[in-house]
Amino acid sequence: MTIKNLKQFQARMKKRIDNADKKMARALARSTMIVQAEAQESILSGAKSGRTYMRRGRPHTASAAGEAPANDTGVLAGGITTSVEKEDRNTLVGYVKAHASDGSGGNYAVHLEFGTQTMGARPFMQPALQKNERRIKQIFMQEGVIDK
């Protein structure tokens, strides 16, 4: 069996594959930015119901376990970043990362998200993803990456 116009066929297939990578990267970028914005919003807005105490000469109300962390310095919300990276030839991954350092080099974002032995979790990343699950699916459908 021979294929007529083999070079043209191969060129069309290569273009289709290249466009698929671009569509996937665009869908991942849009989705990670939505999750980032939602996580930041949950920290920066909304009343918190934890303990109120004086901090830096002013009253500060902390979040209660189960609530998104309360904003104090903006380091946590400002430390939420996104990226889309090519892991290998066939894998694109969208990342939403939270890094907040108190200056000691540790990342306290992890302790807030998952809690510690002495503090209940104050999740902000997982709820941001879950809240936008439908919207993210719509993005992937709009970009032609997945079907309904």
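Leaving out neighbours up to four places away in sequence, Met 119 is in contact with His 111 and Leu 112, where contact means heavy atoms within 4.5 Å. Met 119 belongs to the loop between H3 and H4. This is a predicted model, in which local features need pLDDT of at least 70 and side-chain atom pairs count only at pLDDT 80 or more, while totals for chains, interfaces and linings use all residues. Residues are numbered from 1 along each chain as its sequence is written, and side-chain values use heavy atoms, with hydrogens and water left out.

**Overall layout**

- The protein chain has 5 helices and 4 strands; helices (H or I, at least four residues) and strands (E, at least two) are DSSP runs, numbered from the N terminus.
- Read from the N terminus, the order of elements is α-β-β-α-β-β-α-α-α.
- The radius of gyration of the protein chain is 21 Å, well over the 15 Å that the globule rule gives for 148 residues, so the chain is more spread out than a compact globule.
- That radius is taken over C-alpha atoms, and the globule rule is 2.2 Å times the number of residues to the power 0.38.
- Along the principal axes, the C-alpha atoms fill a box of roughly 80 × 35 × 25 Å.
- Among contacts between residues at least 6 apart in sequence, 51% join residues at least 24 apart.

**Burial and the nonpolar core**

- Of the 148 residues, 24% count as buried; buried means under 20% relative accessible area, exposed over 50%, and partly exposed in between (1.4 Å probe, protein chains only).
- A nonpolar core is a set of buried Ala, Val, Leu, Ile, Met, Phe, Trp, Tyr and Cys residues joined through side-chain atoms within 4.5 Å.
- The largest such core has 20 residues, and Leu 76, Ile 80 and Phe 124 touch the most other members.
- Two or more residues of this core come from each of helix H1 (6–44), helix H2 (75–78), helix H3 (108–114), helix H4 (125–131) and helix H5 (133–142).
- H1 gives the most, with 6 residues.
- Beyond four places in sequence, Leu 76 touches Ile 43, Pro 69, Ala 100, Tyr 108, Ala 109, Leu 112 and Phe 124.

**Helix H5**

- Ile 136, Ile 139 and Phe 140 are buried in H5.
- These three lie on the same side of H5, because they cover an arc of only 95 degrees around the axis; the arc is that of the directions from the helix axis to the C-beta atoms.
- On the face turned away from the buried side, H5 carries the exposed residues Arg 134 and Gln 142.
- Gln 138 is also found in H5, and counts as partly exposed because its relative accessibility is 43%.
- After H5 comes Gly 144, whose phi is positive, near 80 degrees.

- Thr 32 is found in helix H1 and counts as buried because its relative accessible area is 6%.
- Thr 32 touches Thr 82, Ser 83, Gly 94, Tyr 95 and Val 96, not counting residues up to four places away in sequence.
- Lys 97 lies over the face of Tyr 95, at 4.9 Å from the ring centre; a charge sits over a ring if NZ of Lys or CZ of Arg is within 6 Å of the ring centre and within 35 degrees of the ring normal.
- Met 119 counts as partly exposed, because its relative accessibility is 27%.
- The C-alpha atoms of Met 119 and Gly 94 are separated by 30 Å, although these residues are 25 residues apart along the chain.
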